[in-house]
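Reader: I have a model open and some terms to check. Can you take me through them?

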Amino acid sequence: MTNFLIRRLIQSVILLFFISALIYIILNLVPGGPFDMLRQANPRITQTQIDRLNAMLDLDKPILPGEYCPKIGKIQEPCRLDQGRYLRWLGRVATGDFGKSWTVSTGVKVTKIIGYRFGYTFVLMFISELLALLIAVPIGIYSAVHQYSKVDFSVTAFAFFGQSMPTFWTGLLVMSLFAVALGWFPTGGVKSSGMPGDIVEAFGNLFSLGTAYPKLSGKEFKVIMDGLWHVALPAAVLVYFTMAGWVRFTRAAMLEVLRQDYMRTARAKGLAERLVINKHGLRNALIPLITLEALNIPNLFGGAIITETIFSWPGMGRQLIDAITSVDWPIVQGILVITAVLIVFSNLLADILYAIIDPRIKYS
Amino acid sequence: MTDTNSVIASLEDEAQKQEKPVSQWMLVWRRMRRHKLAMFGMGVLLFLVLLSLFAATIAPYTYDEQDLTKVFGSWFVAGLPDKPVHVFGTDSLGRDTLTRILYAGRISLGVALVVTLLSIAIGTVVGAVSGAFGGWVDGILMRFTDLMLTLPQLPLLLILSSSLRQFVGLQNLLGSSLSVVIIVFVLVIFGWMGVARLVRGSVLSLRSMDFIEAARALGAGRSRIIFRHLIPNSLAPIIVAATLGFGVVIITESALSFLGFGVMPPVPTWGNMLNEARSAPQVGYTLFTQTLAPGLCIFLTVLSVNFIGDGLRDALDPRLKM
């Protein structure tokens with residue numbers, strides 16, 4: 001197990017190196033830079049000024065070492081290893097420095113922007129994933145235990161529907177009905193206009209014991225309720241979509257377990273059906289489900305690009321879209337690299353959890 | 001003598017009539033026909049395909065015909081005098097939504113078909129080569145597949161499709177079809193990995209079977225073994241994956257178009273029609289009427305494809321039941 005872990009860790013680091021290179025190179029091969037807007041807005045700006053600005057952002061250097069460096073004086077010579085900007089950037093990223101935003105909020109540190117947005121994404125994703133899980137597992141189990149019953153049939157149909165309805169459609173439908181036409185919920189955003197703060201600030205204040213946002217002290221409950229009212233529609237859309245997949249997954253896992261010989265043994269030794277299902281069936285069916293959950297961790301960070309866009313929820317996904325459209329590569333790189341790290345390590349975590357929970361699995 | 005011969009001949013005739021040889025695909029089709037949901041899916045999909053194929057003859061309007069007096073018209077709003085009603089209403093420029101949906105179907109279904117075929121082709125070759133050669137070829141190809149699977153997909157799709165559009169050379173070369181070509185290219189880049197893994201797995205298990213050994217003993221070369229023996233025998237999982245992949249491509253393409261990163265507006269697709277619907281005035285049920293129809297097409301297509309895939313899985317390999 002230790003050998004396996006060490007090997008997987010080394011593999012993960014190599015994988016991450018290639019992923020970060022791919023992300024960096026794709027972004028930096030795109031024509032047009034952060035100063036295109038500036039050039040349009042101010043036609044009198046000269047190329048020399050643009051060059052100087054580019055040099056400030058390291059953009060005058062080649063991506064990989066070994067290519068030729070820009071002319072310094074009149075001598076042109078191959079770059080030294082530390083002059084390729086990909087490796088320089090990677091070095092900074094390794095110390096947790098993703099640079100500063102170019103265009104979206106010029107000059108603000110990317111880590112600060114991501115930290116701010118993460119709160120909103122986490123609230124939305126945590127609520128919806130938790131609800132999806134709490135609903136999907138019991139339904140999937142019930143459906144598997146009563147295979148081919150009417151309930152099973154409608155559950156399967158319901159899951160098929162959920163998987164075939166894209167979130168941008170359900171999102172718009174739900175919004176047009178419950179927010180626009182009926183007016184039961186807000187059409188988007190995180191808080192009503194009269195509120196002194198939003199749900200993330202209220203939680204922040206609670207957890208910091210009233211030091212983070214003192215003006216919110218005592219009003220947290222009201223603010224949180226308002227936030228939940230705003231989160232209801234986007235969360236519902238996400239719950240329906242995620243749940244559909246998980247119901248089918250749980251049902252399949254449970255059906256697989258129900259076929260096993262130890263289930264027959266449990267029944268044969270006279271255990272109550274309830275115990276057989278809950279103790280012998282459910283616990284074994286949960287094994288694949290836990291790995292699925294581990295693989296889902298990156299979503300808690302990356303958020304739901306489409307749903308956040310429809311409901312103007314100021315989370316990570318929406319920030320990513322904004323950054324892509326306004327060529328703000330430091331933000332894009334920051335979000336993508338962190339997402340990639342989470343993907344790689346949640347894969348690793350899933351493998352480890354699998355071995356811990358299921359003693360039949362041995363890594364060598 | 002002649003008598004016995006004719007008796008034998010008639011007996012043989014009789015035997016042939018009784019045991020009409022049934023091909024594998026006839027068996028699949030027979031099993032498929034019993035799967036009600038798959039048949040339902042096939043019907044719906046066929047209906048949608050025919051509608052979009054004959055869009056030009058069925059559609060009551062042309063897809064860019066504007067009527068600026070009826071912007072965001074509701075269902076069954078009256079058209080111009082001596083023109084049919086707008087069954088699904090009109091969009092932001094007063095164009096007939098039903099007509100645009102029919103034309104959009106051509107692009108959405110066409111893009112999905114091309115992307116699926118290309119991804120399957122690439123994935124099959126990569127997987128078969130990887131499985132058949134083994135060794136360092138397998139190592140490199142599979143590590144690369146893993147790398148592609150680990151990348152955050154949707155963000156990179158957005159970045160690639162928005163950045164490829166910036167290249168002036170491509171713009172001049174492709175003109176107005178630029179966004180369609182880009183979306184196909186980008187979706188194929190991220191579409192082949194699943195199939196590659198599937199085919200590799202199936203090839204690995206087939207490789208040690210007797211009939212491959214026999215082919216090799218008869219002097220078949222490596223490529224003949226790959227293309228005439230390994231790939232045809234892995235066809236069942238490939239077909240199922242292709243069907244389900246078609247649905248995923250439809251959703252991804254519409255998602256990109258919906259976010260404004262896919263097929264660009266003069267060319268209608270179901271996804272970018274939904275994006276245009278978002279600009280509808282948020283009063284009463286206007287947004288709802290604008291949203292329902294294009295999304296319903298996506299939903300029905302993906303649902304039917306999922307049903308068909310499910311049916312195919314059962315029909316092609318009864319052991320693979322889920």
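Author: Chain A has 15 helices and 0 strands. Helices are DSSP runs (H or I, at least four residues) and strands likewise (E, at least two), numbered from the N terminus. This is a predicted model, where local features need pLDDT of at least 70, side-chain atom pairs count only at pLDDT 80 or more, and totals for chains, interfaces and linings use all residues. Residues are numbered from 1 along each chain as its sequence is written, while chains are lettered from A and ligands numbered from 1 in the order in which they are written.

Reader: Why is α5(B) called oblique to α13(B)?

Author: Helix α5 (residues 97–133) of chain B packs against helix α13 (residues 235–259) of chain B at about 135°, with axes 9 Å apart. Axes are lines fitted to C-alpha atoms, for helices over the stretch in contact, and angles run from 0 to 180 degrees between N-to-C directions. Under 35 degrees is roughly parallel, over 145 roughly antiparallel, 65 to 115 roughly perpendicular, and the rest oblique. So α5(B) is oblique to α13(B).

Reader: What makes residues of chain B count as in contact with chain A?

Author: Their C-beta atoms, placed from the backbone, must lie within 7 Å of each other. On that basis, 35 residues of chain B touch 38 of chain A. α15(B) gives the most to chain B's side, with 10 residues.

Reader: What share of chain A counts as buried?

Author: It is 35% of the 364 residues. Buried means 20 or more other C-beta atoms within 10 Å of the residue's own (exposed: 12 or fewer; partly exposed: in between), with C-beta atoms placed from the backbone.

Notes. Two residues are in contact if their C-beta atoms, placed from the backbone, lie within 7 Å.
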